[in-house]
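Visitor: I'm new to reading protein structures. Could you walk me through this one?
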Amino acid sequence: MDNNQSRLWELLAKRLGDDVTAEEQAELEELLKDASAPLHDQDALRTLWATKMQNTRMELVDIDKQWENISQSLFPEKSHLYVTTLDDRPEPHKRFKRAWMYTAASLLIMACAGTSFYFYNLPNVISVPLKEEDRPNQVTSRNGSKTSVVLPEGTKVWLNAGSRIDYNNDFVGKREVYLTGEAFFDVKHNADDPFIIHAGNVNIKVLGTSFNVKAYADDDRVETALVKGSVELTTNDDPERKILLRPSEKITVLKVKRAAGAQADGDSGNKTAPKAELYSISRMIVDKRDSVLEDIAWMKERLIFKGETFSQLSKRMERWYGVTIFFADQASSLVRFTGEFDNQNIVQALDALQFSCNYKFRYSIDKSQIRISTK
Amino acid sequence: MTDYRVKSLQVRISESDDQVAFKELYYILYKELFRFATVFVYQRELAEEVVQDVFTKVWLQRDRLSSINNIKVYLYSAIKNTAINYTKKFPLQTLSDPDLTAMELSYNTETPEGLMISSESIALINSAIQSMPPKCKLVFLLVKEDQLKYREVAQILNISVKTVETQMGIALKKLSTAVQFYLP
């Protein structure tokens with residue numbers, strides 16, 4: 001009887017909630033027939049059920065203001081450009097794999113002076129709203145995503161994660177771009193109009209060639225790796241001195257900050273002139289398995305690292321995966337790693353690192369924030 | 001009806017990056033999701049933040065929306081998980097008392113006309129609601145106020161449909177007893 005009684009309540013509740021099946025409806029009618037106690041006022045219950053209750057705390061919430069907060073952070077009006085190829089996607093390179101090398105050419109950049117339209121969030125379309133005539137055009141790729149662009153005169157640029165190039169409106173007559181981050185350039189040949197890239201403290205002049213430039217703001221160096229052709233490189237510190245780079249060579253230029261530090265350290269037995277220390281040229285390293293140049297492995301969705309400290313590696317992982325990595329103690333940031341990721345997601349990557357160093361660190365992930373600590 | 005609308009908004013957001021649809025989804029579901037967040041984080045400001053986090057994530061990962069069957073269940077679950085993470089991160093600020101939280105749910109004693117019940121009766125009905133155990137109250141809230149299906153509530157709270165049925169039976173019995181006593 002007790003069981004029947006509680007079953008009766010269950011079914012009545014279900015009926016009120018409009019979530020009752022035909023079988024349950026039949027069962028309910030059966031139970032109602034047998035119900036010994038007089039049934040309660042069903043109408044009153046129904047009215048009660050249909051009446052919304054109040055939530056006192058809700059009255060304090062300003063929904064419109066809350067919406068403003070969200071829309072301001074998600075849809076900032078000021079941004080120059082929306083690049084939506086692969087942004088905001090948690091596993092960018094998996095998605096990108098297909099699109100990346102094969103359909104990169106489909107990207108277009110629209111740089112119409114005076115117009116301020118943009119194609120909001122159409123995949124694979126980059127557009128530049130120009131509010132002032134002379135505002136440099138920008139192409140950006142956020143952390144965790146990559147993009148590619150064909151510049152107005154035909155040069156193709158692949159942008160690694162967290163990178164940006166700017167160029168002026170008179171670009172076609174004067175080929176100059178500014179790079180922050182990492183990019184691979186396939187410069188369209190034009191003997192009359194050299195192509196110049198400003199990256200950190202380095203200026204690279206080319207006629208027509210393919211090469212990779214890595215100049216992230218938070219790195220202490222600018223690396224230029226030449227695949228074919230030739231480039232001429234100068235630094236802001238020594239603009240007179242021209243350095244010619246041959247194919248398969250890579251030049252690493254330290255930023256001024258480091259050079260100044262080296263100068264200060266001059267007393268401690270370091271006799272080399274600071275200027276000479278500023279850069280070094282080395283051969284690019286080829287991955288033996290598939291002869292991919294390590295410096296442009298990122299274009300093939302691979303993140304290669306050799307003897308890097310976790311703290312160095314973490315910067316690249318941050319850009320690669322679009323996460324932030326935080327070290328709770330110094331010990332874990334000093335562990336060194338050699339290896340590569342290609343299709344792993346961030347968790348698999350961290351697990352692999354953990355395994356390879358015999359679990360010297362542990363990690364926790366909260367949204368896109370990763371905390372690393374020693375045991 | 002709302003479900004159908006929500007479904008169509010979901011498609012517009014994921015397939016055409018429709019900001020207007022996103023805004024509408026936000027306005028349709030804000031109240032329910034906010035209230036649900038307060039179940040876990042007592043402070044209003046934190047509950048607001050939880051809801052904001054969840055909606056932000058929905059937009060940023062909108063391409064994933066198409067693979068989600070039931071967006072409402074998804075949002076409620078996201079609120080729950082985000083809020084629980086908050087309670088871990090800010091254990092002191094989020095000290096939550098499930099009884100206290102659910103107590104906020106009551107009939108308005110000021111305007112009982114719609115119910116045609118005296119305000120004393122309303123007060124007793126409210127105290128019947130308050131006497132429900134926390135879990136029971138939560139299930140009751142989701143089914144009655146937010147009009148979620150039993151199956152959806154079960155998914156969101158990670159309990160069986162049978163448990164939802166049982167809790168709802170208990171809730172209705174309490175409510176009904178109060179009504180029975182104070183109605184002519």
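Guide: Let's start with a term: two strands pair if DSSP finds at least two bridges between them. Keep in mind that this is a predicted model.

Visitor: Okay, in which sense do β5(A) and β6(A) pair?
Guide: Strand β5 of chain A covers residues 147-150, and strand β6 of chain A covers residues 156-159. They share four bridges, and the sense of the pairing is antiparallel.

Visitor: What stands opposite L159(A) in β8(A)?
Guide: β6(A) also pairs with strand β8, residues 176-186 of chain A, in the antiparallel sense over four bridges. Look along β8(A) for the residue facing L159(A), and you land on A183(A).

Visitor: Let's switch to rings. How many aromatic pairs does the structure hold?
Guide: A pair of aromatic rings is described by the distance of the centres and the angle of the planes. Counted over all chains, the aromatic pairs come to 18.

Visitor: What kind of aromatic pair do W67(A) and Y27(B) form?
Guide: This pair crosses between chains, with W67(A) in helix α4 of chain A and Y27(B) in helix α2 of chain B. The centres are 6.4 Å apart and the planes are at 50 degrees. Planes under 30 degrees apart would be stacked and over 60 edge-to-face, so this pair counts as tilted.

Visitor: Is Y27(B) buried or partly exposed?
Guide: Buried means under 20% relative accessible area. W67(A), at 8%, therefore counts as buried. Y27(B) has 33% relative accessibility, so it counts as partly exposed.

Visitor: And why are F185(A) and F211(A) called stacked?
Guide: F185(A) sits in strand β8 and F211(A) in strand β11 of chain A, 26 residues apart, and both are buried. Their ring centres are 5.5 Å apart. The label is stacked because the planes are at 20 degrees.

Visitor: Which residue has its charged end over the ring of W59(B)?
Guide: W59(B) belongs to one aromatic cluster whose members include W67(A), Y27(B) and F55(B). The charged end over its ring is 4.3 Å from the ring centre, and it belongs to R62(B).

Key:
Residues are numbered from 1 along each chain as its sequence is written. Chains are lettered from A and ligands numbered from 1 in the order in which they are written. This is a predicted model: local features need pLDDT of at least 70, side-chain atom pairs count only at pLDDT 80 or more; totals for chains, interfaces and linings use all residues. Side-chain values use heavy atoms; hydrogens and water are left out. Helices (H or I, at least four residues) and strands (E, at least two) are DSSP runs, numbered from the N terminus. Rings of Phe, Tyr and Trp (its six-membered ring) pair if their centres lie within 6.5 Å; planes under 30 degrees apart count as stacked, over 60 as edge-to-face and the rest as tilted. Buried means under 20% relative accessible area, exposed over 50%, partly exposed in between (1.4 Å probe, protein chains only). A charge sits over a ring if NZ of Lys or CZ of Arg is within 6 Å of the ring centre and within 35 degrees of the ring normal.
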